[in-house]
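Here is a short briefing on one protein model. Look at the sequence and the 3D view, then read on.

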Amino acid sequence: MKFKNIKYTFLSVCAVAGLASCNNDDDNTPIVVTPTCDDGIMNGDETGVDCGGTCTPCEEAMELDFTGIYAQVDFMGRPGINTVLSADGEIKNSHNMSIPSEMQATFQAAFEARLEAYHDVYATILGADPAAVNFEPNILGDILNGPSDDGYTNNPVTATVLTTVLSNDVLEVAPNLPTTYFNGGSGAPNYEGAVGLTGRTPQDDVIDVSLILLFGGGDGARFSGQDTDNDGMADLPRLTSDGVGLTATVGTTFPYLGSPE
């Protein structure tokens, strides 16, 4: 009998102590989360993700050293340019790993030579003199240098000028113009209202635009698989399109592209 009383008394004391402990934790003792400066979460006294407070100041944390950890493997300001204009995989890889300030000096001449070489190959296939089939200036002249009275002819963009622009694989942004990779306006021959290289939207067919600037000539359709003798067979190569259209629903909010259809 005494043993039972002692047991019940002990259990009661434990229960009271437990309640008192919970009451103190809930009402008086704050929960402290120790910051961990490498967990990818803003916690503790951090003022940013893994920075600030007792971690590295956020200003210093932004100055990352990627040496030996990360490597630049691709540039996507103008997708496909170095794929088309690089003579081999080594040049393409080198271009992808370069920084923009070095691209023009390193790659422009090689890109221009490759562009002219394409036209020589097409001339040979067509049975023409390679010297007579060269890059033809396009509407980009009006856009880069201002419009002229009769379209692109008085304002040409030579192969040198074009490859100078394209060898720098960066995406220009014009805050005071419509954002577009290329819009030919009213079209040939004057291209009234044309805008180009002022940015990029998800709807822009960047590959087709690039091919048109490289191979489309003054009207944008110089090499478009034309049947010049009306025999039902293409007599010119189709170089102004990759034949792939937009296959996803494009929205106006991030991430913009929906599921492919």
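Leu162 touches Leu115, Phe135, Asn138, Leu140, Val157, Leu213 and Leu214, leaving aside residues up to four places away in sequence. Contact here means heavy atoms within 4.5 Å. This is a predicted model: local features need pLDDT of at least 70, side-chain atom pairs count only at pLDDT 80 or more, and totals for chains, interfaces and linings use all residues. Residues are numbered from 1 along each chain as its sequence is written, and side-chain values use heavy atoms, with hydrogens and water left out.

**Nonpolar core**
- The largest nonpolar core has 32 residues, and Val84, Leu85, Leu115, Leu162, Leu214 and Phe215 touch the most other members.
- Helix H3 (81–85), helix H5 (100–125), helix H7 (159–167) and helix H8 (206–215) each supply at least two residues of this core.
- H5 gives the largest share, seven residues.
- Such a core is a set of buried Ala, Val, Leu, Ile, Met, Phe, Trp, Tyr and Cys residues joined through side-chain atoms within 4.5 Å.
- Helices (H or I, at least four residues) are DSSP runs, numbered from the N terminus.

**Disulfide**
- A search of the whole structure finds one disulfide (a pair of cysteine sulfur atoms within 2.5 Å).
- This bond joins Cys37 to Cys55, with S to S at 1.9 Å.
- The two cysteines are 18 residues apart, in the loop between helix H1 (2–27) and helix H2 (58–61).
- The torsion about the S-S bond of Cys37 and Cys55 is about -80 degrees, so the disulfide is left-handed.
- Cys55 is buried at 8% relative accessibility, while Cys37 is partly exposed at 37%.
- Buried means under 20% relative accessible area, exposed over 50%, and partly exposed in between (1.4 Å probe, protein chains only).
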